[in-house]
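Subject: Structure handover

Hello,

Here is the structure we discussed. My notes follow below it.

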Amino acid sequence: MRARLLAVFCLAALCCTAQVSQDLKEEQELLALERVAKLQACESKDLATLNNMLDEGFLYVDPSGKHYTKAEFFTLVKSVDSFQYATDAMAVRLHGNTAIVTGLFQIKIVLHGQPSLERGRFVDTWLLENGTWKGVASIDVSTQ
Amino acid sequence: MSQPSSNHRPTRASLAARSRALLLLMACTFGAVVLGQQQSSNTETAIRALEREWTYAQGHNDNRALDLIFDNALVYVEYGRLVSKGEYLARIKREIPSSDEIVMDPVTVRTFEDTAVVIGTYREKKLQRGQHETKRWRFIDTWIYKKNGWVLVAAASTPLR
């Protein structure tokens, strides 16, 4: 009886460890995706990479409250003269096949020769589609 | 030695069977599409109702209702600050009922199986130093279907400039 209980306990502990390890792996992957999307793809206007990372129904709200569809967001990325996005204090919350990533941002943008600086907090929603995380929504909230 | 005929002509019976199979396939596909649309429409209706319920519960300091609407791991960006479910509920509890008024504009709901994303705007009427101030906000809310129904897992709004 004691041996059986011990076996059940060990199995439960093993399952728990495996789940924690899997969640940690997903969190690391999502943080890496955030960095690729915001710090690399947007900055270098790499629309092919962004296209693979974002769902067709992707929605974005900028710090001024303007909202963009995926196509409109691509037009915005293409039209800026220069774009620098920095993130800090990122955190991931997993809910099965959905993940919420939050963090702080700083955007330095030059649009039609006009520089601007925005600081705030972002909330991104990711969805696991056929084994790949895709961004479905993103909002940058101004704290200025 | 006779060669097997490569020109195998289908009989009338096999043609009829094929047609029936094709019709059945088309009916199943159509049924699945209609069912999918119906489910999506049901989700949108449920989410819209929950958004209204949230606004009403907030205006009436109904923390019991809000507790059911919010997931325990809710992330909420309120006036640029990240607050937890507990902090948000504590603020609502402290406030005078209906001191602020929130008027929702029409919202768009996007559904992705057990996840729904809502985007929209609302007007917030606040009493500041005896004066009514109105501010417009754009928000994105994320809902997830869990074992007891739809719950809010993330919400953020930014002021419209």
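Which strands of chain A does helix α3 of chain A lie across? Helix α3 (residues 70-79) lies across β1, β2 and β4 of chain A. The helix runs at about 105 degrees to β2(A). Axes here are lines fitted to C-alpha atoms, for helices over the stretch in contact, and angles run from 0 to 180 degrees between N-to-C directions. Helices (H or I, at least four residues) and strands (E, at least two) are DSSP runs, numbered from the N terminus.

Some ground rules. This is a predicted model: local features need pLDDT of at least 70, side-chain atom pairs count only at pLDDT 80 or more, and totals for chains, interfaces and linings use all residues. Residues are numbered from 1 along each chain as its sequence is written, while chains are lettered from A and ligands numbered from 1 in the order in which they are written.

Now the sheet. Chain A has an open sheet of six strands, ordered β2-β1-β6-β5-β4-β3, with mixed pairing. Two strands pair if DSSP finds at least two bridges between them. β2 (67-69) and β3 of chain A are the edge strands, each pairing on one side only. From one strand to the next, the twist averages 20 degrees. β1(A) and β2(A) run antiparallel, joined by three bridges. V61(A) has H67(A), in β2(A), as its bridge partner.

Last, the chain contact. Chain A puts in 24 residues and chain B 21 residues. Contact means C-beta atoms, placed from the backbone, within 7 Å. On the chain A side, β6(A) gives the most, with six residues.

Best wishes

Key: Two residues are in contact if their C-beta atoms, placed from the backbone, lie within 7 Å.
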